[in-house]
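Trainee: I would like to learn how to read a few features from a model of a protein. Please take them one at a time.

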Amino acid sequence: MDFFDHPYYKLNKRLLLLVGQWPYQESSERRFRIFIVSFSLFSFLFTQIFLFFTCNGDIEIIIESMAPVSAVMVGIIKYYTLQFNRDKMLVGLQNSAESFRYFNFAVAQLVHLFCMCYPGQRMIDYSTDIRIKAYSGLWYKAPLSIHKLLILIIRKSLKPSYLTAGKIFIFCLETFATILQTATSYFMDNGPIRNPVNVVYAILLCPSHYLVSSPHRTKEELEIMHKFGKETKLFTLCYTSEYFIDEDKHFFPVYFHMSISIAISITALITGDALFLMFNSHICGIFAAVGCRLENFLKDQIDSKYSINNISKDKCLENVRYSIRNHKSALKRFAELIESFYSVSLLLQAGLSLICMSISLFEMLIVVENRAEAFRYFNFAVAQLLHLFCMCYPGQRMIDYSTDIRIKAYNGLWYEAPLSIHKLLILVIRKSLEPSYLTAGKIFIFCLETFATILQTATSYFMVISSVH
């Protein structure tokens, strides 16, 4: 399939090769890649399921594990949808678009920039908060000598601690807004560290050193340091699971398995969605091309000085027939075919995404005081929301482009055409009155209205779970 070497399709081809779903891949290589992906997906799933049996009925742990379980099941459904329909799907493709890829890349850079600026803002906030806490204490009942020490602390905390970019600017939320504004403007206008590893290691050990070595530590201080210490686990062990081993003792093998499983699962998700969006773009492109041809089939041939009698009627008739054949191809060869491939799969994915989003919002409500963990659940809920949008928006596009054909046909110079062409145009207009759409198991239609309904349902489930809890 030479057209898959076109820049529009290279990403899809490489992703399919990577996960072992390219039809023209060598059989042994394809089996090996399918085994690796399947092992990663199911090992991810089983470590979550094992946790249900070892948590002794702890509702908090069960609810926390439901979101990752639902997410990996979506990945498994997408992957095996490709597996079972691999040889049938990659037929007759013509066109695709890359704008969505660049949008995702821009969003990723925006999130990465925020992850650099937000920690700097936290350092500023907590370092300057010391003077407020010192002033809020019972300093007026202390001896004069303690007053002098407190004044030194307050004066020192007037100057915040911060992270800088080469001593040029400070990382904070204001800087994030400034960089974002600068990037938007560009768009609109067309001292050395001796050993970074040792330094980072020493920084990470500082809280532990404080807890162990300080002879005057209190219970409140221990709770504070443990609270912030828990945040580091959010960036190491990616999800709660059960490996039936000591996770602290075997940290690196566990972390390696988690990282590889997540990377492969995300790759499988992206591969399935990229191919689905490519098919959708192809179908919408055919509908748009048919509408354009019907709207302009006489405009390029008729001059104001001449009538239709000066033009070959056979040529006009063939033009309309060609448009009808393309319309039939889009309806039968692609729209109905993809509906049969994805219908059940999309139903399961929509249900699991609904569960994921509701549970993520609920977990965010529980840990709202822990901003780092709440932000993690917020990101997960947003990811599920975007995933639902990526299922509903292509369905809305199919409806819009398939029904737009009748408007384009009516806007053409049909009144200048012979009567035989009028009859053909009536057939096209009648056929396009019924839109082409994607359904979820023939139960509901994917469109923006469905997206709003699912979002409303997820919010309702979230409110019910919150009230019960």
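Trainee: Is K167 buried or exposed?

Mentor: This is a predicted model, and in it K167 counts as exposed because its relative accessibility is 73%, where the cut-off for exposed is over 50%. K167 sits in the loop between β1 (164-165) and β2 (169-170).

Trainee: What is the phi of K167?

Mentor: Most residues other than glycine have a negative phi. In K167 the phi is positive, near 65°, and K167 is not a glycine.

Trainee: Where is K442 found, and what is its phi?

Mentor: K442 lies in the loop between β3 (439-440) and β4 (444-445). Its phi is about 65°, a positive value, although K442 is not a glycine. With a relative accessibility of 64%, K442 counts as exposed.

Trainee: How many helices and strands does the protein have?

Mentor: The protein has 14 helices and four strands.

Trainee: How should I describe a pair of packed helices?

Mentor: Two packed helices are described by the angle between their axes and the distance between the axes. Here, take helix α12 (residues 371-411) and helix α14 (residues 448-468): their axes come within 8 Å and cross at roughly 155°. An angle over 145 degrees counts as roughly antiparallel, and α12 and α14 are therefore roughly antiparallel to each other.

Trainee: Which residues of α12 and α14 meet?

Mentor: From α12, the residues are L385, L388, F389, C392, Y393 and Q396; from α14, they are L448, T450, F451, I454 and L455. By class, this contact has nine nonpolar residues, two polar residues and no charged residues.

Trainee: How many disulfides does the structure hold?

Mentor: A disulfide is a covalent bond between the sulfur atoms of two cysteines. This structure holds zero disulfides. For C117, the nearest cysteine sulfur is that of C172, 7.0 Å away, and C117 is in no disulfide; the cut-off for a disulfide is a pair of sulfur atoms within 2.5 Å.

Trainee: What can be said about burial and surface for the protein as a whole?

Mentor: Of the 469 residues in the protein, 37% are buried. The accessible surface comes to about 28,600 Å², and 65% of that surface belongs to carbon and sulfur atoms.

Key. Residues numbered from 1 in each chain as written. Predicted model: local features only at pLDDT ≥ 70, side-chain atom pairs only at ≥ 80, totals over all residues. Heavy atoms only, no water. Axes fitted to C-alpha atoms, helices over the stretch in contact; angles between N-to-C directions. Helix = DSSP H or I, 4+ residues; strand = E, 2+ residues; numbered from the N terminus. Parallel < 35°, antiparallel > 145°, perpendicular 65-115°, else oblique. Contact = heavy atoms within 4.5 Å. Nonpolar A, V, L, I, M, F, W, Y, C, P; charged D, E, K, R; others polar. Buried < 20%, exposed > 50% of the residue type's maximum accessible area, 1.4 Å probe, protein only. Areas by Shrake-Rupley, 256 points an atom, 1.4 Å probe, with all protein chains shown as cover.
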